[in-house]
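User: I have a structure to go through with you. I will ask how each label was reached.

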Amino acid sequence: MDFISAVELIDKCSQENITISEAMIRREVTLFHIDRDSAIERMAHSYDIMKRAVERALSEELLSMGGLIGGESKKIFDRNSKGKSVCGDILSKAISYAVGVLEVSSSMGLIVAAPTAGSSGVIPGVFLAIQEAFELSDETMTLALFNAGAIGYLITTNATVSGAEAGCQAEVGAASAMAASAVCELMGGTAEQCLDAASTALTNVLGLVCDPIAGLVEAPCQKRNAMGASNALISAEITLGGVRHIIPFDETVEAMYRVGKSMPVELRETAMGGIATTPTGCQLCKNILN
Ligand code: SF4
């Protein structure tokens, strides 16, 4: 059970009448010679780490290595708790959880790099917010992580998830696509819909540059994760509403890679362009280095 494109994945799902998460579980079992329970157990452990990262951000004072971020998750969460959110409960929680995971990551805490440390907030943010809103079990969320994994695997195999190679579109864009697809499956969407949602999410951030201030994965990374979580939910909502994505997933991934390769080196994690080289970005960099 292997697949190297979305076309092959959809074929397998339709031939065997299975979900994307089931196809990914079978792939893991076959390729890594492990039994199904072990594969699921390992994924459950990853989900546990994601949940604990969110809990830490809401309950502890975390300061990032560069001092650019810390405490944002709780501020956003508290405002929503007072009924003041302008985004609604699910989105507000997804945002606060996503930025929280970046606080944990940038203070050298334990996170799951899904697909990278810089984009590690998107999936936990979306998953926990959806789990709470729809009262889903950890087991259900763990299975949905396999769906997200399938999308991440396809992007990694056919393009990249590295900001240094293809900009933030590859990191946060990939995380958005993974989360969007998983949400579709959680809400009863078909395999085709999952891949449509993933395509939409990637398309929405095509061309997004990687420009970390002082070269640290703190800012603008943290807020990009909030945007990535929103992007995932928007893309799932659009698709679940019955709106098709015009460009197939495989072609979208190829386009993202092409755009990434045509980006100047200044906009690919070198901190030599974008927001990193604004006067304030440069001053912050000097302060940190001193
Ligand atoms: S700006 Fe660069 S380092 Fe930060 S999250 Fe995006 S890709 Fe990662």
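User: Where does E269 lie?

Analyst: This is a predicted model. E269 lies in the loop between α12 (249-261) and α13 (279-289).

User: Why is E269 called buried?

Analyst: E269 has 23 C-beta neighbours inside 10 Å. The cut-off for buried is 20 or more. E269 therefore counts as buried.

User: What makes the phi of E269 worth a remark?

Analyst: Phi of E269 is positive, about 65 degrees, and E269 is not a glycine. Most residues other than glycine have a negative phi.

User: Which loop holds N17, and why is N17 called exposed or buried?

Analyst: N17 sits in the loop between α1 (6-16) and α2 (20-32). N17 has 7 C-beta neighbours inside 10 Å. Exposed requires 12 or fewer, so N17 counts as exposed. N17 also has a positive phi, about 55 degrees, although it is not a glycine.

User: How do you know what kind of peptide bond joins A114 and P115?

Analyst: Omega is about 5 degrees, and the bond is cis. P115 is in the loop between α5 (89-106) and α6 (122-134).

User: What is the peptide bond from A219 to P220?

Analyst: That bond is cis too, with omega near 10 degrees. P220 is found in the loop between α10 (191-204) and α11. Most peptide bonds are trans.

User: Which residues come nearest to the ligand, and which helix gives the most to the shell?

Analyst: Of the 14 residues around the ligand, G118, G163, C168, C210 and C221 come nearest. α9 gives the most to the shell, with 3 residues. The shell divides into 7 nonpolar, 3 polar and 4 charged residues.

Terms used. Residues numbered from 1 in each chain as written. Predicted model: local features only at pLDDT ≥ 70, side-chain atom pairs only at ≥ 80, totals over all residues. Near = placed C-beta within 6 Å. Helix = DSSP H or I, 4+ residues; strand = E, 2+ residues; numbered from the N terminus. Nonpolar A, V, L, I, M, F, W, Y, C, P; charged D, E, K, R; others polar.
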